[in-house]
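Morning, everyone. I have one structure to walk through today, so please take a look at it with me.

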Amino acid sequence: MTTNLEIYQGGLDTQKIYQNWLNFGADNNFGANSFFIGLVREENGISGLSFDIYEPLLINWFKAWSKKALEKEVYLKMAHSLGDVKNHQSSYMAGIFSPQRKANLEIFEEFIEDFKHHAPIWKYDLKNGKRIYAKERSHKLPFSGILA
């Protein structure tokens, strides 16, 4: 697996990941470093979320995005949780690095939105001790036959 894509069991240690990524940006003399941190919200009586990941597809998706970003001298990093993540913990982080801000900001929103719609990660609500598939907040993956 690429070292720029990290999968962790449970909630992310955002401070550690952020510091590692900040060091990466400094070590590579990148002047534009953008970070997105997604937190699990307390809503609809859930105690958290749970995630399944199909790693081979996720790796391919991330490699394609990395190649596209590199054409603009933008480097990507991503971390995501596998399994249960409690409310107010992070399940997703994205890091976008580049020498200049313009290319960085052009990639930022598109990468995060594409992640929400095309990354092979399935979300479940944790409610009353049960894991309930969040179908109404899921998106069909192209060519997968899932949610057809």
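I'll start with the whole chain and then turn to one residue.

First, a caution: this is a predicted model.

Now the overall fold. The protein chain has three helices and seven strands. Read from the N terminus, the order is β-α-β-β-α-β-β-α-β-β.

Take the contacts with a separation of 6 or more: 71% of them join residues 24 or more positions apart. Buried residues account for 42% of the chain.

The accessible surface is about 8700 Å². Carbon and sulfur atoms hold 50% of that. As for charge, there are 18 positive and 17 negative side chains. The centres of those two sets are 3 Å apart.

Where does Tyr54 sit? Find the loop between strand 3 (48-53) and helix 2 (55-70); Tyr54 is there. Its relative accessible area is 43%. Buried means under 20% and exposed means over 50%, so Tyr54 counts as partly exposed.

What does Tyr54 touch, leaving out residues up to four places away in sequence? Pro120 and Trp122. Trp122 is 68 residues from Tyr54 along the chain, yet their C-alpha atoms are separated by 8.7 Å.

Terms used. Residues are numbered from 1 along each chain as its sequence is written. This is a predicted model: local features need pLDDT of at least 70, side-chain atom pairs count only at pLDDT 80 or more; totals for chains, interfaces and linings use all residues. Side-chain values use heavy atoms; hydrogens and water are left out. Helices (H or I, at least four residues) and strands (E, at least two) are DSSP runs, numbered from the N terminus. Buried means under 20% relative accessible area, exposed over 50%, partly exposed in between (1.4 Å probe, protein chains only). Contact means heavy atoms within 4.5 Å. Accessible areas come from the Shrake-Rupley method with a 1.4 Å probe; for residues, only the protein chains shown count as cover. Lys and Arg count as positive and Asp and Glu as negative; His and the chain ends are not counted. The place of a charge is taken as NZ of Lys, CZ of Arg, CG of Asp or CD of Glu.
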